[in-house]
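Colleague: I would like to learn how to read the features of a model like this one. Could we go through it together?
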Amino acid sequence: MHSPFIRRALLVVPPGLGAAAAIHWDAGWGFAVVAAIYAVAHLVMIPNPSGGSVSLLPAIAAAVALETHGSPVFVLGAAAVALPFGWLAVHLRHGRRMTDQMFPAEPAGLVVFGSLMAVASVVIPVDDPRGSVGLTAFGLGAVIWFLTVAVVRAVDSDQARLAPRRLVLVRALEDWPAYLALFSSGALYALTAPAMGWWWAVPLAGLPYAFSHVSLHRVQTTRRTYRQTIQALGSIAEAGGLVAVGHAERVADIAVAVGAELGLSAGMLQRLEFAALLHDLGRVVLANPAVAAGSYSLSDVSGWSAAIMSEARYLESVAEVVAAQHNPYRRPGEERDPHLPMASKILRVTAVYDGEMNNGLSPLEAIETLHRGAAYDYDPEVVGALRRVLERRAAIAA
Amino acid sequence: MTNNPKDRRTALLAGAFASAGVVVLAVLFILQADPEPLWLWAVFAASFLVLQFGAVEVNDRLFVSSAMMVAFTAAVVFGRESAVLAVALMAAVSALHPDDLRERRWRQPAGNFGQLVISAAVGIAVFLPFLPEGPVTTADLPVLAAGAALAAVVYDWVNFRLVTFFVRMAYPERGLRPWSKLLANHFALSVLGAFGGIMGAAYVLVGPLILPLMFLTFLVGHVGFASYSRLREAHEDTIRGFVKAVEALDPYTRGHTERVAHFARIIGEHLQLGPERLETLRWAALIHDVGKVAVPPELLHKPGILSDEEYRQTVLHMQVVEDVLGRVDFLRPMVAIVAGQHTLLDRGVADGVPVESRILATADAFDAMTSTRSYRAAVTQGTAFDQLRRREEVYGPDVVGALIAAIEEEGEVHGSPDDESAAEVERLVRERAIRA
């Protein structure tokens, strides 16, 4: 999937086939108009909760599928012809990163959806493609489009080195509100246009789109700001010279990778990231003269950090992860402490790993230190996952 | 039932509101036909209920819910004969918030019931003339959309008036903040109303198949804005929590930031700053002392006045933290205000320093003077005013004047009650310092 050859082939072969189909079936001007709309649709985007964007493509395809009763020439053929223009437009407007994110995931979703609609148009009687059976088939097709995009994005992920495929998949599945809005827009247009005319159908259909565009844009901005705030708070202890510079950032980066490796949910990964960024926040307590140097332990620091965090209601669950990080993962006589959150174990292992690296050890030596603490302190399962992450990042030899 | 006159007043008012609501509903039952079919009304009522409870703060104190859209969709769907009754009944149901039921409050839901029913009835009644006599056709759409936009504004305006009236009468001591976003709110709601009208026409023209799509549209809007609102709240909560934690490091300054935020607000309001500037100022006041975490304890807790070098060191340390916070987009304007405060105190001249920074500096100085610290007692309010007047060239006469006027207007008293008690506390503080 990473090969540029496949990407290039994707941009040349489908348009050729689409154009051939159009000529064969004598599709006419309607075809050209639909193709042009497809191409332009690439440029209108909704920001996605996962951080990327999704174009208007699903909405247009949805409307075309319902309007033309699943005609493969219009749904797939016109889209195929528009593909290279869409790609070029996105590339010129948003650059390489966006084209990588959208292609080939979006076209793949379209192909699967278009094929399903074509099959449905054969199976469902002609007078019911916009009836309840037709709409159910359409809804199903929409869900499958969404899932296809998520899977293709995960498989295609260039970033696999930094973000494992599973993480990409989980994040892509968070994007359902934008897809829901787009498919609703498309279907609303197709249902209302015959009865109300397109000039009323377009604003009505634009409503779900507009709602989600505005709100998701705000979600994205606020989420970015929230992370910046957490980052800034995390580096306050650094600014006070109480922690090594960059420690929190590095721990957060590697802890999230290890968490994804161990299959944590997206919500848990977020909590782990925040916990890692804030785990040394408690050191600001050292600014208080009542705390004499050397009179505190590491678990005191986590306790202070957790206490500060729990002042913010929304960080309580993050505070729990931080508070428990210095608990042993097992006590004498037991296999593992079943109540200790995985995130706490990951935080501890990765924080110690980074600390040892700061002390001048090599990654392999740091991992050895962790192995030596396998009796009670560092869960071997987590250390194993850390080793795999480091191998993938080529920090240590496989 | 208590004998507390305030409670009695609220109860009376809630009763009056509820009775007015009941009367309006009774009249509507006589004038209008029952909404048919009932299941359709129930579906609309349910979504109205959900959206009404889920109103989200999309901007500072700007609450929007797409319930307005549902109201106008329902009005078109049920037609002239039963539109007002249908929507008023939907509004009546939505007065019963589960939180009120759980906590067995009755005054608020009773008041809400009246206010919601009346505003829905008035709003939809204004819309009635725009509804066609017969079945809706595409030719009616422009009139429907325009009528719904207008009626939505009336609906919202009546609602707002009733709420203000209730709050003013029931809680006269609670200052009602000017609802400066009223215009923006009206605009948003009139757009929602217009779309609600078109959506209703679409239902009539296309048929019930469009129903799921309509509700998906309502849902999409709600989900997006709700998650935005949650995130925004989490973000602000995080900063506030952190500020509180930092404050706790120094027992003498506990509550200081909240007080500075309060003084800054009343000065800002007196100087008639806009709502957005007031909000930024509030955040600046909340974070203005966060930089202290990086100040070495021996400097931070040093009794008495700092030497020039020590002061320079303190500011330097605070600036490091402010630089860190300035990396957050949201906090950048607030950090700029705080930095302006340092510049002001460094230069000692108000010229060229933004008014927000001067307000913050004045609020900070006033609170420092009127609260007891480890090394000295609080002065009286009069002394603090005199001191500020004497340093008018630093803080700016407009700001100092505004603080004094605002505090006198609010009838607040800060600091030691009189010079004798100030002297007494001063003596105790000194004694303790000597013993230490």
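Modeller: Gladly, and we can begin with A:H69, which sits in the loop between α3 and α4 (72-94) of chain A. Helices here are DSSP runs of H or I with at least four residues, strands are runs of E with at least two, and both are numbered from the N terminus. This is a predicted model, where local features need pLDDT of at least 70, side-chain atom pairs count only at pLDDT 80 or more, and totals for chains, interfaces and linings use all residues. Residues are numbered from 1 along each chain as its sequence is written, while chains are lettered from A and ligands numbered from 1 in the order in which they are written.

Colleague: What is the phi of A:H69?

Modeller: Most residues other than glycine have a negative phi, and most peptide bonds are trans. A:H69 is not a glycine, yet its phi is positive, about 55°. A:H69 is partly exposed, because 19 other C-beta atoms lie within 10 Å. The scale is this: buried takes 20 or more other C-beta atoms within 10 Å, exposed takes 12 or fewer, and partly exposed lies in between, with C-beta atoms placed from the backbone.

Colleague: Where in chain B is B:Q272 found?

Modeller: B:Q272 belongs to the loop between α9 (256-270) and α10 (275-287) of chain B. B:Q272 also has a positive phi, about 60°, without being a glycine. It counts as exposed because it has 9 C-beta neighbours inside 10 Å. For the peptide bonds, look at B:E36 to B:P37, which is cis with omega near -15°. B:P37 lies in the loop between α1 (5-31) and α2 (38-53) of chain B.

Colleague: Is helix α3 of chain A, residues 57-67, largely enclosed or open?

Modeller: Largely enclosed by the rest of the structure, because 11 of its 11 residues are buried. Among them are A:L57, A:P58, A:I60 and A:E67.

Colleague: How do the axes of α13 and α15 of chain A cross?

Modeller: Two packed helices are described by the angle between their axes and the distance between the axes. The axes of α13(A), residues 266-278, and α15(A), residues 316-323, come within 9 Å and cross at roughly 65°. Such axes are lines fitted to C-alpha atoms over the stretch in contact, with angles from 0 to 180 degrees between N-to-C directions. On the α13(A) side the contact includes A:R271 and A:F274, and on the α15(A) side A:V318 and A:V321. Contact here means that C-beta atoms, placed from the backbone, lie within 7 Å.

Colleague: Which residues of chain B is A:Y314 in contact with?

Modeller: Leaving aside neighbours within four places in sequence, they are B:A234, B:D237 and B:T238. A:Y314 itself lies in the loop between α14 (298-309) and α15 of chain A.

Colleague: How many residues does each chain bring to the contact between them?

Modeller: Chain B gives 47 residues and chain A gives 46. The largest share of the chain B side, 23 residues, comes from α8(B).

Colleague: How many helices and strands does chain B have?

Modeller: Chain B has 18 helices and 2 strands. Its C-alpha atoms fill a box of roughly 90 × 50 × 35 Å along the principal axes. Of its 436 residues, 44% count as buried. As for scores, the model has ipTM 0.76 and pTM 0.77.

Methods. Contact = placed C-beta atoms within 7 Å.
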